[in-house]
Amino acid sequence: MERMGMLFFYMLKLQQSNKPFVKTRYYEDLSKKHDRTAGAFEFRLQNISYVLSLMGRQYISGLKPRKHVGSNVGSVIQNLINEFSVTD
C-alpha cells in the first residue's frame with residue numbers, strides 16, 4: 001500500500017506541474033510486477049482519491065473518488081496521505 005501512496009503523490013505532483021503522464025502505463029507496470037490486474041491498481045488509487053476528497057484535498061484528474069473504502073483501508077490511506085502528501 002505504501003508504494004501506491006508514493007505513486008499517487010508522484011502522479012499528483014506531475015499533474016500539478018503540468019507535466020504529461022499516462023496513468024495506465026503505471027497500472028500496467030505494477031500489474032506486471034505483482035500478480036494483480038491493472039484495474040486493481042486503478043481501483044486502489046481511486047480509493048486514495050476518495051479519502052482526499054473527504055478531506056477537501058485535490059486528487060488526480062481521471063481518478064475519480066471511489067467510495068467503497070473499508071474503515072481499515074481508510075485509516076491506512078489517511079496515514080499515507082499524511083506521510084507522502086504536500087499541501088495543495
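**Close-up views of a predicted model**

**View 1. Leucine 45 and its contacts.** Beyond its neighbours within four places in sequence, leucine 45 is in contact with Met4, Leu7, Phe8, Met11, Tyr27 and Leu63; contact means heavy atoms within 4.5 Å. The model is predicted: local features need pLDDT of at least 70, side-chain atom pairs count only at pLDDT 80 or more, and totals for chains, interfaces and linings use all residues. Residues are numbered from 1 along each chain as its sequence is written, and side-chain values use heavy atoms, without hydrogens or water. Leucine 45 sits in helix α3; helices are DSSP runs (H or I, at least four residues), numbered from the N terminus. Leucine 45 is buried, at 0% relative accessible area (buried is under 20%, exposed over 50%, partly exposed in between; 1.4 Å probe, protein chains only).

**View 2. The largest nonpolar core.** This core has 17 residues, of which Phe8, Leu45, Ile48 and Leu63 touch the most other members. At least two residues come from each of α1 (2–16), α2 (23–33), α3 (38–54) and α4 (71–84). Helix α1 gives the most, six residues. A nonpolar core is a set of buried Ala, Val, Leu, Ile, Met, Phe, Trp, Tyr and Cys residues joined through side-chain atoms within 4.5 Å.

View 3. The whole structure holds one salt bridge (a side-chain nitrogen of Lys or Arg within 4 Å of a carboxyl oxygen of Asp or Glu). Lysine 33 pairs with aspartate 29, with the closest N and O atoms 3.3 Å apart. Both lie in α2, four residues apart, about one turn of the helix. Lysine 33 is exposed at 57% relative accessibility; aspartate 29 is partly exposed at 38%.
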